[in-house]
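Please look over the model below before reading on. This report takes up its sheets, cores, helices and interface in turn.

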Amino acid sequence: MPVPHTAFAPEAMSNRSLRAFLHGFPGVDEVGARARAQDLSTRSIKTTAKAEAIDLAIRMVDLTTLEGADTPGKVRSLCAKAVGPDPADRTVPRVGAVCVYPDMVATAVEALRGTGVAVASVATAFPSGRAPMEAKLADTRRAVADGAGEIDMVIDRGAFLSGDYLKVFEEIVAIKEACGAAHLKVILETGELATYDNVRRASHLAIRAGADFVKTSTGKVSPAATLPVTLVMLEAVRDHHAATGRRVGVKPAGGIRTTKDAIRNLVLVNEVVGPDWLTPALFRIGASSLLNDLLMQRTRLSTGTYPGPDYYTLD
Amino acid sequence: MAERRDTGKATRAATRATGEGAAPVRLAVRKTYKLYLGGAFPRSESGRSYPVTSADGRHLANAALASRKDARDAVATARKAFGGWSARTAYNRGQILYRVAEMMEGRRDQFAAQAVAAQGLSADEADRVVSAAIDRWVYYAGWTDKVAQVIGGANPVAGPYYNHSAPEPTGVVVVFAPPNAPLLGLTSVIAPVIATGNTTVVVASEKAPLAAIDLAEVLATSDLPGGVVNLLTGRVPELGPHLAAHADVDALDLTGAGEAAVEFEKAAAATLTRVLRPTPEADGGEEAWLDPDPGTSRMTPFLETKTVWHPIGT
């Protein structure tokens, strides 16, 4: 696809130039995107391929707890689960990261020290993003200072929808700066963006602003990560890589609860951006209940009998 | 099939022969027998079916041939329905079981015709079996709010405590229905399981599964929440091992498991699944199930006893 990134000149940034850039993309064929996602979701992944897909999906899980009722104890038990998802089977790999609210970062960092599991923190007044810029920056800096290796920020959907692309862009740039060495995941909250065209534009906007990952949703808005939305975001990532050589990750989050859903996402990744993205460094799945289903399917494959949810930890 | 087509031709020829005034021959409205899962009637996910014949070998219909994955889905659906069903008051469960009897009463001709066709019973025998099956629902409807008094109660203890025992449902019960008693036998094994608040996955009689699906249609219109009873038609040797070893199944009724009963019991032991072994009437026909007062023997195996100690004076 001809990406009009040549028309994009960061030094002469203005709402006008951003608008020209973002609206220069061809529109998304909605029916086509749905049909393609639907078609790919019928792929049959069985036996050894399924076993590999399950282990890969476990390594890609951002094990998430984002509740008002989170306690240090709950975060610690989630961290224990992240390191050893199935106490009865030590061959189960660790998850990609644990994702918590900023005030829980210190607890999670302490619980995960030396395990290789990253701590991700939502920031910038998650989930609405409605807070003054100073507060968003302070939120981010505090999470990074406490040891978060990954920051999940939300974009200002209000600004995006009203056409103030520059504000969104500058916010991402500023948060990226505040992140320092921490990876930045930018949550588009696609459920509030209304159209696939907007998803494509928001993806490119976030990518150009320096996002290391684009993430679909907060998990607080429905619909969250649908396959067509992930498809459009993967296409944006693919086109950006083709144009610049830079690899940006994608993280669907919210609504992915079953092994089937997770494997469908992996198929999508493989078909749209290719197997290079089939790594936790470039694809993550934000979830909480998904992990238990992955573990149950894993047990089913290795033992031949169906396990029950009573045999796994609650989260 | 061929036989059926010939019959049609013969009838048409007969109609022509009788002249202009005869009514035109009506096409048969044949029924597709499907599974009953979560309150809906899906086909088997495998897309398979198998022919069902009458007692004298005539083709009656095709029934869905359930697969391992249908069994898996059925257990998941039954598990989902358990919380709601077990939380209903015993009184309400009784009302619903009675409602099943009401609905069956309205369709008794259909059940009787099915019993005549599938089992070769005489009209009188079929009528007796259908009446007994309907009465069985009323019987267990009555038991729903009485079983706790009979098998629970206050226990005498040597200390300043009230001590009470109360029965609670075990959970998801897999029932292998009796192979030779497709209506009364089936009713006699399902009703006691759900009366106490369990949910169930039933593997219907392989050779006479149509009555089970007729019963499912009654259940679906009886205020019984979807997922409380899930009916699979298919082969016990294919479905049984997966259901018996399934860790999310809490109990097995092996009545119709036949020779595989021992193997299933062994598989069930790995996850401490409760087991009800086949009883002497297991292989018998409907007449083996006619006892109008079967008592609590089919309810108590699927109940857990909860005992509470409460200090006196607080």
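Two strands count as paired if DSSP finds at least two bridges between them. By that rule, strand S1 (residues 61-64) of chain A pairs with strand S2 (residues 97-100) of chain A: three bridges join them, and they run parallel. Asp62(A) stands opposite Ala97(A) in S2(A). The model is predicted.

**The sheet of chain A**

S1(A) and S2(A) belong to an open sheet of eight strands. The order is S7-S6-S5-S4-S3-S2-S1-S8, and the pairing is parallel. Strand S7 (249-251) and strand S8 (285-287) of chain A are the edges, each pairing on one side only. Neighbouring strands are turned against each other by 25 degrees on average, direction ignored. Helix H5 (residues 105-112) of chain A lies across S2 and strand S3 (118-123) of chain A. The helix runs at about 170 degrees to S3(A).

**Strand pairs**

| Strand | Partner | Bridges | Direction |
|---|---|---|---|
| S1 (residues 61-64), chain A | S2 (residues 97-100), chain A | three | parallel |
| S3 (residues 153-154), chain B | S4 (residues 161-169), chain B | two | antiparallel |
| S4 (residues 161-169), chain B | S10 (residues 303-311), chain B | nine | antiparallel |

S3(B) and S4(B) are joined by a hairpin of six residues. Across this pair, Ala154(B) stands opposite His164(B) in S4(B). S4(B) is also bridged to S10(B). There, Asn163(B) has Trp309(B) as its bridge partner in S10(B).

**Nonpolar cores**

The largest nonpolar core has 95 residues. Ala57(A), Val98(A), Val186(A) and Ala206(A) have the most contacts inside it. Helix H10 (residues 227-244) of chain A gives the most to this core, with eight residues. A second, separate core holds 94 residues, including Ala118(B), Ala133(B), Leu183(B) and Ala191(B).

What does Val186(A) touch, leaving aside its neighbours within four places in sequence? Its contacts are Met153(A), Ile155(A), Ile172(A), Ala206(A), Ala211(A), Phe213(A), Val214(A) and Lys215(A). In soluble globular proteins, nonpolar side chains tend to be buried together.

Which residues of helix H10 (residues 261-269) of chain B are buried? They are Ala261(B), Phe264(B), Ala267(B) and Ala268(B). These residues cover an arc of only 125 degrees around the axis, so they sit on the same side of H10(B). An α-helix has 3.6 residues a turn, so residues three or four places apart point the same way. On the other side of H10(B), Val262(B), Lys266(B) and Ala269(B) are exposed. The cover over the buried residues includes helix H9 (236-245), strand S8 (251-253) and strand S9 (274-276) of chain B.

Asp73(B) is found in helix H2 (residues 68-87) of chain B. Is Asp73(B) buried or exposed? Asp73(B) is buried, because 20 other C-beta atoms lie within 10 Å, and the cut-off for a buried residue is 20 or more. Asp73(B) and Gly38(B) are 35 residues apart in sequence. In space they are 9.1 Å apart, C-alpha to C-alpha.

**The interface**

Six residues of chain B are in contact with six residues of chain A. On the side of chain B that touches chain A, two residues are nonpolar, two polar and two charged.

Key: Residues are numbered from 1 along each chain as its sequence is written. Chains are lettered from A and ligands numbered from 1 in the order in which they are written. This is a predicted model: local features need pLDDT of at least 70, side-chain atom pairs count only at pLDDT 80 or more; totals for chains, interfaces and linings use all residues. Two residues are in contact if their C-beta atoms, placed from the backbone, lie within 7 Å. Ala, Val, Leu, Ile, Met, Phe, Trp, Tyr, Cys and Pro count as nonpolar, Asp, Glu, Lys and Arg as charged, and the others, Gly among them, as polar. A nonpolar core is a set of buried Ala, Val, Leu, Ile, Met, Phe, Trp, Tyr and Cys residues joined through C-beta atoms within 7 Å. A residue is buried if 20 or more other C-beta atoms lie within 10 Å of its own, exposed if 12 or fewer, and partly exposed in between; C-beta atoms are placed from the backbone. Helices (H or I, at least four residues) and strands (E, at least two) are DSSP runs, numbered from the N terminus. Axes are lines fitted to C-alpha atoms, for helices over the stretch in contact, and angles run from 0 to 180 degrees between N-to-C directions. The arc is that of the directions from the helix axis to the C-beta atoms.
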